[in-house]
Amino acid sequence: MEKIRGTYRLRRRVLIVDDEEINREILGNILSDEYDITYAENGKQAYELIHERMSMYSLILLDLLMPVMNGFELIEKLRSEDDTKGIPVIVMTSEKEAEVKSINLGASDFITKPYDMPEVILARCARVIELYEDKSLIKAAEHDDLTGLYSREFFYEYIRQIEKYNSSTPVDAVALNIEHFRMINEMYGREVGDDVLKKTAAVVTGKFADSLCIGCRLDGDTYFLYVDHKESYDDVFDSLQQELARMTQIPRIRVRIGVYQSVDKNLSPEDWFDHAKMASDNLRGDYTRQISYYNTEQNEKDIYQERLINDMEQSINNRDFVVYYQPKFDINGEVPKLKSAEALIRWNHPELGMISPGDFVPLFESNGLIQKLDQFVWQEAVAQIKEWKDKFGVSIPISVNVSRIDIYDPELENKLFDLLDRYGITSKELHLEITESAYSENAEVLISVVNELRDKGFLIEMDDFGSGYSSLNMLTEIPIDVLKVDMKFIRNMNKDKKSLKLVELVLDIAKFLGVPAIAEGVENESQLSKLKEMGCDVIQGYYFSKPVPPDEFEEFITKGE
């Protein structure tokens, strides 16, 4: 703003109000080189001029003792109206007693009569206008135009100011988010959406009318509240959705609420509300709860997962990820025979040690990073097939995982064949595992892609069959070459008749489809015997071997030669 003032020499308009013509002329002569001047002879005339050109006046120079309406009366009227209360007023007086009353009414400064120091008058006017304009800019940035709540920056700054004097008092951080707000805009229009945002702000802050509460709206449909500590918010927000539905006429409106209670004051306000928002985000898709309370255990989990996400790419480059192989054995003959292997990823983190796939695979599946990891495994597996082929003169097919996100990659086929061509491997030697649940999401697209891969020679294994959501009538359309029985059924088959019956059912389905069945998680002789009796073709599990590094896997190859 200072640069604009100096560069463009903007001329402000000043209103001089004085019943004495000589005083008006003196002030006009002093100020006219710098400002556009308007004159009024009394408070009533000034009041009318101000309302005619409300936004045009940057300053009022006001005499106090005038006929019709004096200066005190004009200040009171201006300060009582929202549109005029912000216009700065410099009072012109020679009476010290009047200064105190003027300050109490809202005057910004004083000029003492007689006007014998023009440079002082100019300096005071310039300073008051500058302060007024800066204050106006701050006020404009201070609040969200739509809801009247604080903007993010001022919200955090006011909290810091309060905490200087409130550091020992427990407070809570609350984050609220309107679920699927984008759909409200699309279905009802932006005007209705804006109305929802305003009413949400009013209802939520109204819940804390009797206690300390400072609120802000972030961009979009997220609200933060800094409030006095409460033991529980269940009662506070119990009727919130019903109130919003009634006020907005949107019956299925839903609000997610995250609460960080008794915030750690060693952390920054930004951290408090990050934690509250984490708690709110944990409710995504959970329609059984409205409120989630932040806890340290969840925070540690979030930090751990964020660390894994941040370290993944570097660990790929550093080869901290390693591929292990679990053998699969054909049990149709008298002696089980090595048939193939499954590639399974392991993460030997340089600082965190060996990380369980259960920690990072679901995490990377949820955020799309699994695609990079899958491609790393594919390359390692293809290179291993080539190495064993050259070393032992036999081809050991390896199964690799293909995630849902890989299926929708238009370059999937090209990426796979680029790898095969680079190492001189055929598509028959790289088997592709797809989980059953993947077929339930946009099944038509997936079936189309898988059919194209099969046409190019890839063998498709449906993994974890029985744990997903495919309906039986879909089985005639699902393109597969192998059915893998979910290991949970195998582990319980000798203890639970239902699990045994389900294993038998899946094996019958495989026979009906004319494809071999693989049983995962086989751990003992009893399971092996029962599976062989029921007609299972291939097994893998700890009965033969856990997943092992390539050099240990080679023992199975040499024994089978």
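User: What pLDDT does the protein chain average, and how is that read?
Analyst: The protein chain averages a pLDDT of 85, and 92% of the residues score at least 70. pLDDT is the predictor's confidence in each residue, from 0 to 100. This is a predicted model, in which local features need pLDDT of at least 70 and side-chain atom pairs count only at pLDDT 80 or more, while totals for chains, interfaces and linings use all residues. Residues are numbered from 1 along each chain as its sequence is written, and side-chain values use heavy atoms, with hydrogens and water left out.

User: Over which residues does pLDDT stay under 50?
Analyst: Where pLDDT is low, the predicted coordinates should not be read in detail. Here pLDDT stays under 50 over residues 1–9. The model has 13 contacts beyond four places in sequence for residues 1–9; contact means heavy atoms within 4.5 Å.

User: At what angle do helix 3 and helix 4 pack?
Analyst: Helices (H or I, at least four residues) and strands (E, at least two) are DSSP runs, numbered from the N terminus. Axes are lines fitted to C-alpha atoms, for helices over the stretch in contact, and angles run from 0 to 180 degrees between N-to-C directions. Helix 3 (residues 43–52) packs against helix 4 at about 25°, with the axes 9 Å apart. That makes helix 3 roughly parallel to helix 4 (under 35 degrees is roughly parallel, over 145 roughly antiparallel, 65 to 115 roughly perpendicular, the rest oblique). Gly 43, Ala 46, Tyr 47 and Ile 50 of helix 3 make the contact with Leu 74, Lys 77 and Leu 78 of helix 4. By class, this contact of helix 3 with helix 4 has five nonpolar, one polar and one charged residues. Ala, Val, Leu, Ile, Met, Phe, Trp, Tyr, Cys and Pro count as nonpolar, Asp, Glu, Lys and Arg as charged, and the others, Gly among them, as polar.

User: How do helix 8 and helix 9 cross?
Analyst: The axes of helix 8 (residues 181–188) and helix 9 come within 6 Å and cross at roughly 140°. Helix 8 and helix 9 are therefore oblique to each other. From helix 8, the contact uses Phe 181, Ile 184, Asn 185 and Tyr 188; from helix 9, Arg 190, Val 192, Gly 193, Val 196 and Leu 197.

User: Which residues make the contact between helix 9 and helix 10?
Analyst: First the geometry. Helix 9 (residues 190–206) and helix 10 (residues 240–248) pack at about 140°, with their axes 10 Å apart. Helix 9 contributes Val 196, Lys 199, Thr 200, Val 203 and Val 204, and helix 10 contributes Leu 240, Glu 243, Leu 244, Met 247 and Thr 248. By class, the contact of helix 9 with helix 10 has six nonpolar, two polar and two charged residues.

User: Is Val 68 buried or exposed?
Analyst: Val 68 counts as exposed, at 63% relative accessibility (buried means under 20% relative accessible area, exposed over 50%, partly exposed in between, with a 1.4 Å probe and protein chains only). Val 68 lies in the loop between strand 3 (57–63) and helix 4 (71–79). Its phi is near 70°, a positive value in a residue other than glycine.

User: Where is Lys 415, and what is in contact with Lys 415?
Analyst: Lys 415 is in helix 16 (residues 412–423) and is partly exposed, with a relative accessible area of 29%. Leaving aside neighbours within four places in sequence, Lys 415 is in contact with Gln 371, Gln 375 and Asp 409.
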